[in-house]
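Work through the following exercises with the structure open beside you, and try each task before you read its solution.

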Amino acid sequence: MSLLITCFEDFSTIKENTSRLVASQLSEKYQVLPVSFTRCDENIIEHDHIIQLGVAQSRDAITIERYAHNLAHSPIQADNDLLRPENEKILKEGPLALESTFDYEFFEGLSGDWKWSLSAGSYVCNALYYKSLYRLTKSKIVFIHLPYHLNQKSPELALEAYRDFVQSICNKIKSF
């Protein structure tokens with residue numbers, strides 16, 4: 001059984017990317033990806049399970065993304081390649097949306113402050129998720145957005161809670 005955690009490099013005003021900090025504290029293999037609409041998925045290969053982590057400044061709880069949409073839209077905030085797509089399809093031949101390949105029921109009963117989200121947004125996180133679901137058809141893939149730890153009352157405790165939550169998912173995967 002192979003498991004990969006992905007996370008992102010720093011970007012824009014995110015100078016300590018929560019996803020990278022959490023991934024580095026896990027006892028799992030992880031890969032830091034570029035914040036780039038075009039390059040985000042370049043070096044990802046098939047694994048049995050892939051957990052993709054990203055940071056969401058505006059969210060107050062961990063969100064498990066059920067769907068990725070075929071939309072790249074970020075006219076204000078450029079990626080690290082200075083791209084600012086406006087209402088563009090990620091893949092011209094792709095469907096409107098793709099659903100996580102993890103079974104929905106897998107996440108039921110997980111402890112922690114988390115909720116479902118029906119959209120991974122329209123920034124690079126969504127692009128990564130969509131491209132991965134489209135291309136890596138043999139992998140079970142899920143995307144998890146973590147709130148920005150520096151926006152929390154206690155950043156250290158927030159990071160610890162996020163790490164424990166993601167590690168519990170990894171442990172559950174390994175127990176099968």
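**Exercise 1.** How many residues does helix 3 have, and how far does helix 3 reach from its first C-alpha to its last?

*Solution.* This is a predicted model, and in it helix 3 has 20 residues. The next step is to take the span from the first C-alpha to the last, which is 28 Å, and to set it beside the 28 Å expected at 1.5 Å a residue, to which it is close.

**Exercise 2.** Find which residues of helix 3 are buried, and state which elements they pack against.

**Exercise 3.** Describe the largest nonpolar core, and identify the element that gives the most to it.

*Solution.* The largest nonpolar core has 56 residues, and those with the most contacts inside it are F8, I51, L53, F107 and I169. Among the elements that give two or more residues to this core are strand 1 (3–8), strand 3 (49–56) and helix 3 (155–174), and helix 3 gives the most, with eight residues.

**Exercise 4.** Which element gives the most to the lining of the second largest pocket?

*Solution.* The second largest pocket holds about 200 Å³ of space, and of the 17 residues that line it, the closest to its centre are I62, D113, A158, A161 and Y162. Helix 3 gives the most to this lining, with seven residues, while the lining as a whole divides into eight nonpolar, five polar and four charged residues.

Conventions: Residues are numbered from 1 along each chain as its sequence is written. This is a predicted model: local features need pLDDT of at least 70, side-chain atom pairs count only at pLDDT 80 or more; totals for chains, interfaces and linings use all residues. Side-chain values use heavy atoms; hydrogens and water are left out. A nonpolar core is a set of buried Ala, Val, Leu, Ile, Met, Phe, Trp, Tyr and Cys residues joined through side-chain atoms within 4.5 Å. Buried means under 20% relative accessible area, exposed over 50%, partly exposed in between (1.4 Å probe, protein chains only). Helices (H or I, at least four residues) and strands (E, at least two) are DSSP runs, numbered from the N terminus. The expected span of a helix is 1.5 Å times one less than its number of residues. Contact means heavy atoms within 4.5 Å. On a 1 Å grid over the protein atoms alone, a cavity is a set of points where a 1.4 Å probe fits but cannot get out, and a pocket is an open set with protein on both sides within 12 Å along at least five of seven lines; lining residues have an atom within 4 Å of a point. Grid points are joined across faces, edges and corners, and a volume is the space filled by probe spheres set on the points. Ala, Val, Leu, Ile, Met, Phe, Trp, Tyr, Cys and Pro count as nonpolar, Asp, Glu, Lys and Arg as charged, and the others, Gly among them, as polar.
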